[in-house]
Amino acid sequence: PPIMIFHGTYDTTVPVISALAIQAQCKSLGIPHRAYLISGGGHGCWDCTYDGKTLTTLTLEFLREFMP
């Protein structure tokens with residue numbers, strides 16, 4: 001199934017390298033995915049934005065794209 005990745009670049013609980021590894025695996029296996037690295041975001045940055053969009057908006061866009 002398609003995978004959506006949100007990860008704060010300042011996450012000290014789960015290193016951002018983990019998100020990058022998942023993204024690389026998705027690319028190598030041809031798994032549809034979207035990765036959003038939240039600049040300056042920490043662990044659990046649910047109120048963060050990416051490109052001016054909330055995580056809720058990005059999630060809805062992801063669902064519309066992959067689950068029409």
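1. Which residue forms a salt bridge with R34? The partner is E65, with the closest N and O atoms 2.3 Å apart. A salt bridge here is a side-chain nitrogen of Lys or Arg within 4 Å of a carboxyl oxygen of Asp or Glu. R34 lies in strand β2 and E65 in helix α2, 31 residues apart, and the pair links distant parts of the chain. Helices (H or I, at least four residues) and strands (E, at least two) are DSSP runs, numbered from the N terminus.

2. This is a predicted model: local features need pLDDT of at least 70, side-chain atom pairs count only at pLDDT 80 or more, and totals for chains, interfaces and linings use all residues. Residues are numbered from 1 along each chain as its sequence is written, and side-chain values use heavy atoms, with hydrogens and water left out.

3. The whole structure holds two salt bridges. In the one between E61 and K53, the N to O distance is 2.9 Å.

4. The largest nonpolar core has six residues: Y36, I38, C45, C48, L55 and L58. Such a core is a set of buried Ala, Val, Leu, Ile, Met, Phe, Trp, Tyr and Cys residues joined through side-chain atoms within 4.5 Å; buried means under 20% relative accessible area, exposed over 50%, partly exposed in between (1.4 Å probe, protein chains only). β2 (33-38) and α2 (55-66) each supply at least two residues of this core.

5. R34 is partly exposed, at 30% relative accessible area, and E65 is partly exposed at 41%.
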